[in-house]
Each structure stands twice: as C-alpha cells, then as structure tokens.
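I open this notebook to record what I looked up in the structure shown below. The entries run from the whole chain to single residues.

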Amino acid sequence: TAPLSEVFTVAGASGGAASFTEPFGIAVATDATIYVTDGDAGKLWQIKRDGSASVLVDNLDTPSAVALAPDGSLLIAETGAHVIRRVHPADGKMEIVAGVTGRAGYLDGSGAQALFNAPVGVAVGSDGSIFVADTYNDRIRAIDKEGNVRTLAGGGEAGFADASTGAEALFDTPCGIA
C-alpha cells in the first residue's frame, strides 16, 4: 500500500457537529467507522465513513482506551468508574465485563467481584480475551471469555523490572496495551 500522503480532520473541528474536550481512545472498525472516547465529556463518539458524527454512549466516568472485539462489540476502560465495559454499537447498550462501579481496589476473580484501580488501557485478543493496563495497581490483567480476571504481570508495588515470571515483573502506572 502507498504511504499516507495527506493529513486532515475527520471530526472535532471548531464549529463542527462533533466537539471533543479530551479525546483519548480510538478504534476503527472494518467498515471504517471510527470510535473515539472523550474522557472529560464522558462520551463515546461514533464517526461514520461519510464524516457524520454522533454520540453512541454518554454519562461515562472518564472513559479512556477503546478496543474492538472479534464479535464487533467495543471494550472501554472506564477509568473513573474502575470498570471495563462492553458496548454494542448497533444499539449503544452497555454492560460491565469486570469491576465494581465506583470501587477502586485490587482483586482477581469473577468479573462481578474483581477490582481495578483506574484502568486506562484495554486491548482484545483474536480469541476475545481482554487485556487491561490496570494503571494504579501497576499490573497487567486479563479477562477470559467467561469473565474471570487474573493478573498476568506486575507486583504489589510500582517499579521497573523485567522478570522471568509475571509476578516478579514491575510496572509504574501502565497506561497503554496492544
């Protein structure tokens, strides 16, 4: 493919229909629909191929990263609420995948019991597994297809350490994950 040769604003220009205050996460679907989180405004925007933009979901508590799942749903790290949410683009319906709304902490286990502390990054594997940069817990976590959360890497304190096991590795406020 040819290298990109043009830079232009898709949405968010001054005076346009879409106005972002703090755009953070972005994901692009196979049909070229763009999804953008706005952390400050608490919104998830949907930008169609024709450039039309609309709010798909609002009233989120500091949404950060967004990722597309193999089934076409979107995963959002809702940082301020300490949860990972799934959004269905067809109707905007949401559900919590893991975490307890408004409760920061650290606990592995079922999605309904697991605790996160301001997760910022989220990515989805080809098998549907969800990976989370659990920012203030200084850990990398995984959510399996049944909704169970486990820690992959990171210890009980912030730091920088490579290791042969995940428990011995140290991170300091991890934010991004791919």
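Accessible areas, as I use them, come from the Shrake-Rupley method with a 1.4 Å probe, and for residues only the protein chains shown count as cover. On that basis I noted an accessible surface of about 9300 Å² for the chain, of which 50% belongs to carbon and sulfur atoms.

Entry on the source. I am reading a predicted model, in which local features need pLDDT of at least 70, side-chain atom pairs count only at pLDDT 80 or more, and totals for chains, interfaces and linings use all residues. Residues are numbered from 1 along each chain as its sequence is written, and side-chain values use heavy atoms, with hydrogens and water left out.

Entry on the whole chain. I looked up the secondary structure (DSSP runs numbered from the N terminus: helices are H or I of at least four residues, strands E of at least two) and found zero helices and 13 strands. The C-alpha trace spans about 50 × 35 × 30 Å along its principal axes. I also noted that 43% of the 178 residues are buried, where buried means under 20% relative accessible area, exposed over 50%, and partly exposed in between.

Entry on a sheet. Strands count as paired if DSSP finds at least two bridges between them. I found four strands in an open, antiparallel sheet with the order β1-β2-β3-β4. Its edge strands are β1 (23-28) and β4, each pairing on one side only. Strand β3 (residues 43-47) pairs with β4 over four bridges, and Ile 47 has Ala 53 of β4 as its bridge partner.

Entry on two loop residues. Which residues other than glycine have a positive phi? I recorded Asn 59, near 65°, and Ala 118, about 55°. Asn 59 sits in the loop between β4 (53-57) and β5 (63-68) and is exposed, at 72% relative accessibility. Ala 118 belongs to the loop between β9 (109-110) and β10 (121-124), but is buried at 5%.

Entry on Ser 64. This residue lies in strand β5 and is buried, at 6% relative accessibility. Its contacts (heavy atoms within 4.5 Å), not counting residues up to four places away in sequence, are Phe 24, Gly 25, Thr 37, Ala 77, Thr 79 and Val 120.

Notes. Buried means under 20% relative accessible area, exposed over 50%, partly exposed in between (1.4 Å probe, protein chains only).
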